[in-house]
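Hi,

Here is the structure I promised to pass on.

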Amino acid sequence: MSSFAFARSEATGWSAVAKELESSLALSPLPDGMARLGLLYVTDPLADDLASLLTYLHQKLPVDHWSGSVGIGICTNQGEVFDAPAAAVLVVELPSGSFAMIPPISADVGELPAETRAWMAASTPPFAIVHGDPTNPNVPDLIETLAMEMETATLEIPGFLVGGLTSSRRDYFQISDDVADGGLSGVMFAPEVEVATSLTQGCAPVGPTHRITEGADNVIISLDGEPALEVFKRDIGELLARDLARVAGYIHAAFPIEGSDTGDYLVRNLVAIDPEHGWLAVAGPVVTGERVLFVRRDPIAAEEDLRRMVRDLKARLPGPPRGGVYFTCVARGPQMFGKEGGEMGVIREILGDVPIVGFYGQGEISNNRLYGYTGVLTLFL
């Protein structure tokens, strides 16, 4: 049985934030055979002082390891904070040896040290929390290959990763015991650490799924044998089809994930419409033969899907969760839910007073891939 301690601070200056976190956590000495992991998320006004803040917490708190990230906003079960210094900590008490740090890797999972690989071989970790640098083009491949490296030999199932890409107006710092940047870092958990996780897409389909019958680069030329634009207009309806300028930021292309039993899809922005040729351009590669549908992204769809996700996740739990992490998109939060605290308020309304920490990132990680416009909630059981 693990225990969780939670603290949040919006004090002025890193020193005041650090002292408030320390006093709020009030950690007692650890029992034998147990270890503590601290998950720390800070807003980017604290980025320049993150090393000082982390050093203070290392010195003052009996926490063995630290992981976390900087975000333009942070989120907790008590609400959200943007554009102001703030930090939130979830301290998880777990059996010694039941988790292992993922030190920063920037190009290849072969950079993992020998002791980390030895722990992976002995523990076959099925789950990890990771943070990635959005400026490193290797991060998507690192996510996928790390999941495969975590594959359990008995089940032949890749590891399941959750997390987010750091967001900041300053430096893209992560926390991996020390302050780091430039790659992927985090923490892996052995099978004895039980979690439940789910994802909210924040969008709603506006039509059926289609097959791309011709595509090139990032351009959809035809769908189901018809010009792509004609199919698109039919799906979005007459009012929007009459004024295609209105679809910008509202209608997106969504690519279903093959083999998913939960209807997951990857959302990509529409970046151009060519009325002369009837083509659609999206923010990502297009492959002839793959499936696509069009979705709308608005506050009503986002809240409906968030409520569905949290209710479904709660129904799967064997008992009350002890704590959790939530990684959500910088395009969500107040600008999507209408007010600061609206998104986390829905989660709190359904789950109750569960200690949750996380941040608003430039991409969300679930399973072994990157998403956009989503929220990924993980609960420790």
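This is a predicted model: local features need pLDDT of at least 70, side-chain atom pairs count only at pLDDT 80 or more; totals for chains, interfaces and linings use all residues.

Let's start with the helices. Helix α1 (residues 14-25) packs against helix α2 (residues 50-60) at an angle of about 30°, and their axes are 9 Å apart. The two therefore count as roughly parallel to each other, and the crossing of α1 past α2 is right-handed. On the α1 side, the contact is made by W14, V17, A18, K19, L21 and E22, which meet S52, L53, Y56, L57 and K60 in α2. Sorted by type, the residues of this contact are seven nonpolar, one polar and three charged.

Now the salt bridges: the whole structure has 15. One of them pairs the side chains of R169 and D83, at 2.6 Å from N to O. D83 has 57% relative accessibility, so it counts as exposed.

E149 and R117 form another, with their closest N and O atoms 3.0 Å apart. Because E149 sits in helix α4 and R117 in helix α3, this bridge ties together parts 32 residues apart in sequence. E149 is partly exposed at 37% relative accessibility, and R117 is partly exposed at 30%.

A local example is R242 with E238, at 3.4 Å between the closest N and O atoms. Both lie in helix α6, four residues or about one turn apart, and both are exposed. Finally, shared partners join D44, D83 and R169 into one salt-bridge network.

Cheers

Key:
Residues are numbered from 1 along each chain as its sequence is written. Side-chain values use heavy atoms; hydrogens and water are left out. Axes are lines fitted to C-alpha atoms, for helices over the stretch in contact, and angles run from 0 to 180 degrees between N-to-C directions. Angles under 35 degrees count as roughly parallel, over 145 as roughly antiparallel, 65 to 115 as roughly perpendicular and the rest as oblique. A crossing is left-handed if the near helix is turned anticlockwise from the far one by less than a right angle, and right-handed if clockwise. Contact means heavy atoms within 4.5 Å. Ala, Val, Leu, Ile, Met, Phe, Trp, Tyr, Cys and Pro count as nonpolar, Asp, Glu, Lys and Arg as charged, and the others, Gly among them, as polar. A salt bridge is a side-chain nitrogen of Lys or Arg within 4 Å of a carboxyl oxygen of Asp or Glu. Buried means under 20% relative accessible area, exposed over 50%, partly exposed in between (1.4 Å probe, protein chains only).
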